[in-house]
Amino acid sequence: MIERIRVKIKHRKYSLELDIDSKITLLIGNSSTGKTTIRKLLAKDRRVLSVEVSNKKYRLEYNIPDRLDQYLKGIKDTIFIIDENRIDLLDDNANALAVQQCTDCYFVLIGRRKLDKLNFSLYDIKELVTGTDGVIRAEQYVKEEFCYAGCDSPKLTDCVLEDTGQAKDWFKQLFDGKICLDNFYGGKNQYCSKVKLLAESKPGATILMLFDAISFGVCASEYKDMMMNYKGRLFSIRDYKSWEYVMLKTNMFKHQFIEYSLSEGVFEEEYYEQLLQKLSHSSYGTIRHSGGGSKISRCYTEPCCSYKGKENLRCDFGLTGNDKFSALLSGTEFDVLLRISEREGGEA
C-alpha cells in the first residue's frame, strides 16, 4: 500500500495543495496554472514561505544533481520535485533505473516531456487546476468516464488487446467469438494508432481497449484525445492495470494479494508479474507460466481437476464450477468481463 501524502505550499496569494498517492506523479497544466512557480517558491527562504507535508518524516528536495543515480543511493523519506528544467535527466538510463530501484521516496515530475525510460501509470498524471477558492490542486488527468459501465454501455463488437502472450490466449477463450479480438504488441503509440485505424475502418464498431494502464502514462495525452474523439465508441475497464493484476484479483488469488509498496524496488508492473509467479506455486500444485509464450496454463481456462473427477490431483487453487471464467471473476471487481463475454455471473 502506498501512503497518500498531502503537500501544501503557500506564499502570498499563491496556494497549492498536492496529494501524492503514487511513486511517480507527473504534473501537467496550462501555462497559467503555476507549474514553474513551485520550484521557484521552494528555493525561497522558508521564513517567508509556508510548506506543510502531512507525514512529517518526509522532506522536500528540489536541488536535483546531474548524476541523480549516484545521489539516490541511501536516500530515504524524500519527495523529489523535478521541474521542466531538470526533467531531461530522466532520459538517462542510469537515472531512470535509479528512480525505479529507489525505495521510500516519491518523485513529482513537472512538464509534458515524453518519459520513455520510466514506467508509470495512466493515472499517475495529474493536471493543475485553480479552484474557485483560489487554491491550485492536482486533478486526475484521465477520468473514469471512459470506463465500460455494464448495462449502461452499448454492446461491444471489438477488442484491441495490447498483448500477444498468455493474455491473448485467455481473452480469446473468455470472449469465445462473441467479440472480435485483435491483439497488438508493438509500443504504446502504435497501439493507439491501431485503435484509431479500427475505429475509422469500422464506423459502427464499439471497441474495448485492453492495455497495461499501469505503464501507459507515456501516451496519456494520445489516449485522452482518442477517447474524446470517439466518445461513446471506445471503452476501457475500470482499474485494469495489467493481465497479471486481473489474475491476482480473481477468486483464485485475491485472498493472498499483497498491495504494491514503495519498498519493492521495482516498478508496479514488474511487481505484479513477480507476485503472480510467486502465488502460482503451492505445496499441492504449480500453475506453470510459459515465460512470455502464447499458450496459457489450463488452470486459468478449464474447470479445476478436483471438480472433474480427478480427486487425486489435489491443489491449493481449486474453484468450483464448470465455467472457469465465471469461477474466477464472479463477485470480483472485474466481473464486468463476464457481462461483456455473456457468461454467467456478470454484473447486471
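Which strands does helix α4 lie across? Select residues 166–175 to find out: helix α4 lies across β10, β11 and β12, and runs at about 175 degrees to β11. (Axes are lines fitted to C-alpha atoms, for helices over the stretch in contact, meaning heavy atoms within 4.5 Å; angles run from 0 to 180 degrees between N-to-C directions.)

Before moving on, know that you're looking at a predicted model, where local features need pLDDT of at least 70 and side-chain atom pairs 80 or more, while totals for chains, interfaces and linings use all residues. Residues count from 1 along each chain as its sequence is written, and side-chain values use heavy atoms, leaving out hydrogens and water.

**Stop 1: the whole chain.** Show everything as a cartoon. You have 10 helices and 13 strands here; these are DSSP runs numbered from the N terminus, helices being H or I with at least four residues and strands E with at least two. Of the 348 residues, 52% are buried, that is, under 20% relative accessible area with a 1.4 Å probe, protein chains only.

**Stop 2: the sheet.** Now pick out β11, β10, β12 and β13: in that order, they form an open sheet with parallel pairing. β11 (180–183) and β13 (234–235) are the edges; each has a single partner strand, so one side of each is left without a neighbour in the sheet. (Two strands pair if DSSP finds at least two bridges between them.)

**Stop 3: strand β10.** Select residues 158–161. β10 pairs with β12 (residues 207–210) over four parallel bridges, and with β11 over four parallel bridges too. Click on C159: its bridge partner is L208 in β12 and L181 in β11. In a regular strand, side chains alternate between the two faces of the sheet. In β10, D158 and V160 sit on one side, C159 and L161 on the other, and all are buried.

**Stop 4: the largest pocket.** Select D21, S22, D124, K241 and E268, the closest to the pocket's centre among its 28 lining residues. By class, the lining has 12 nonpolar, four polar and 12 charged residues.

Key. 1 Å grid on protein atoms, 1.4 Å probe; cavity = no way out; pocket = protein on both sides within 12 Å on 5 of 7 lines; lining within 4 Å. Nonpolar A, V, L, I, M, F, W, Y, C, P; charged D, E, K, R; others polar. Buried < 20%, exposed > 50% of the residue type's maximum accessible area, 1.4 Å probe, protein only.
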